[in-house]
Amino acid sequence: MSSHSNTSVALVYSTEAFQFALSPAESDLRLKHRLQNYRHDKDEDEELEVKGAILVVPPKEICFLAFLKRLFLTCLNLSFIPKEISNLTNLELLSFSRNRLSFLPPELGKLQQLRKLDLSHNTLTHLPSTIGRLTNLTNLKLRYNKLDGLPIDLLSITSLKTIDLKENQLVIPPASSVKGGLKEILSYLKDLKNSTTFCSRLKLMVVGAESVGKSSIVKSLQGKNKRGRRLKSFNKQPSNPTLGTLSSAGSQSGITRQDLTHIDVVDISEVTVDDSEKKHSITFSVWDFAGQEIYYAAHQLFMTEHSIYLLVWDLSKSEEENRISYWLQAITSKTSRTLR
């Protein structure tokens, strides 16, 4: 074995090993050429490891080494997996650890002999539903990714014994279930599957500094623009009474005590939107927050985690005047994930 090379490709048999090394100066074509020259002549377990190069996309030639049972493609800066990976139907162990993968091809679900799958240290945001076809999978490593949810299809993998989800941004399942381990995770997904219904109501929180146009946007959503003309694409619903009014506060930012008695902390209204095919309608509970600084403390009483936030600002003013940093911090303090 060559110890001075930074890039190596090796076929390892259970009784003997063969290896060739590539210098960093050798090209992708050189690697492909060497892979094409390999022929399967053993009945024993085979393993291929490629590491230390910058490939971005693995050579398709690897995907035609159908006799492989263990494949390691680590630290290669990969951002894409070709669909031909589905040809490796004998694989029992597959590692794509420490790359730049943001998604997986659905063809991965055809590797039904897989027992161990390592996808740690990538940038995956979701898993394909076809992962549920890996019915022999026992070990799944997903730590250090950007996953915000797991597919219900994981319930189909009855052989799964361990799953590593550390350092992700999961909302489904919630952190409490993830901490409980695989049993709690699967229990949550099972409950989710059995109780899944179409959500027809959402909370829309409209926030921002004063006099930036929040109320005008809300009126437009309700069906009228600032001049009172109806917008046909929305159904106007009657507004609910305001939650409350602060009437006892000192004069700040040019606002007098008398002014405060006429300013609502939060005004709530409803907007119903139909989809283009008229199959469903969604009702938004629109919360319009007063933008005066004196009300900021009261806002925390009404801001909740499971909401859509619409931050409005005036482009003619600076970030500081718009208090953008404050509003982003206020929003993230109420949510389980950092804004991305």
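# Chat about the model

Reader: Let's start with Arg-98. Is it buried, partly exposed or exposed?

Author: Arg-98 counts as partly exposed, at 47% relative accessibility. Buried here means under 20% relative accessible area, exposed means over 50%, and partly exposed is what falls in between, with a 1.4 Å probe and protein chains only.

Reader: OK, what am I looking at, and how was it treated?

Author: This is a predicted model, where local features need pLDDT of at least 70 and side-chain atom pairs count only at pLDDT 80 or more, while totals for chains, interfaces and linings use all residues. Residues are numbered from 1 along each chain as its sequence is written, and side-chain values use heavy atoms, with hydrogens and water left out.

Reader: Back to Arg-98. What's its phi, and where does it sit?

Author: Arg-98 has a positive phi of about 60 degrees, although it isn't a glycine. Arg-98 lies in the loop between strand 5 and strand 6 (116-118). Strands (E, at least two residues) and helices (H or I, at least four) are DSSP runs, numbered from the N terminus.

Reader: Which other residue has a positive phi without being a glycine?

Author: His-121 does, again at about 60 degrees. His-121 is in the loop between strand 6 and strand 7, and it is partly exposed at 23% relative accessibility. For context, most residues other than glycine have a negative phi, and most peptide bonds are trans.

Reader: Speaking of peptide bonds, is the one from Ile-172 to Pro-173 cis or trans?

Author: Cis, with omega near 0 degrees. Pro-173 lies in the loop between strand 8 and helix 2 (175-179).

Reader: Switching to electrostatics. How many salt bridges does the structure hold?

Author: The structure holds 3, taking a salt bridge as a side-chain nitrogen of Lys or Arg within 4 Å of a carboxyl oxygen of Asp or Glu. One of them joins the side chains of Arg-70 and Glu-47, at 2.9 Å from N to O. That pair links distant parts of the chain, with Arg-70 in strand 4 and Glu-47 in strand 3, 23 residues apart.

Reader: How covered are those two, buried or exposed or in between?

Author: Glu-47 is buried at 17%, whereas Arg-70 is partly exposed at 22%.

Reader: And what does Asp-164 pair with?

Author: Asp-164 forms a salt bridge with Arg-143, and their closest N and O atoms are 2.6 Å apart. Asp-164 is in strand 8 (residues 162-164), and Arg-143 is in the loop between strand 7 (139-141) and strand 8, 21 residues apart. Asp-164 is buried at 19%, while Arg-143 is partly exposed at 26%.

Reader: What about Glu-270?

Author: Glu-270 bridges to Arg-201, with the closest N and O atoms 2.9 Å apart. Glu-270 is in strand 12 (residues 264-274) and Arg-201 is in strand 9 (residues 201-207), so the pair ties together parts 69 residues apart in sequence. Glu-270 is buried at 18%, and Arg-201 is partly exposed at 45%.

Reader: Strand 9, then. Which strands does it join?

Author: Strand 9 runs parallel to strand 13 (residues 281-289), with 6 bridges between them. Met-205 has Trp-287 in strand 13 as its bridge partner. Strand 9 is also parallel to strand 14, through 4 bridges, and there Leu-204 stands opposite Ile-308. Strands pair if DSSP finds at least two bridges between them.

Reader: And strand 4, how many bridges to strand 3 and to strand 5?

Author: Strand 3 (residues 47-51) and strand 4 (residues 70-74) share 5 bridges, and strand 4 and strand 5 (residues 93-95) share 3. Both pairings are parallel. Lys-51 partners Thr-74, and Arg-70, from the salt bridge with Glu-47, has Leu-93 as its bridge partner in strand 5.

Reader: How many disulfides are there?

Author: A search of the whole structure finds 0, a disulfide being a pair of cysteine sulfur atoms within 2.5 Å. Of the cysteines, Cys-63 is buried at 3%, and Cys-75 is partly exposed at 41%.

Reader: Last one. What does Ser-307 contact with its side chain?

Author: Thr-304, side chain to side chain, through a polar contact of 2.8 Å. A polar contact is a pair of N or O atoms within 3.5 Å; within protein, one must be able to donate a hydrogen and the other to accept it, and residues adjacent in sequence count only if both atoms are side-chain atoms. Ser-307 lies in the loop between helix 6 (296-299) and strand 14 (308-311), and Ser-307 is buried at 18%.
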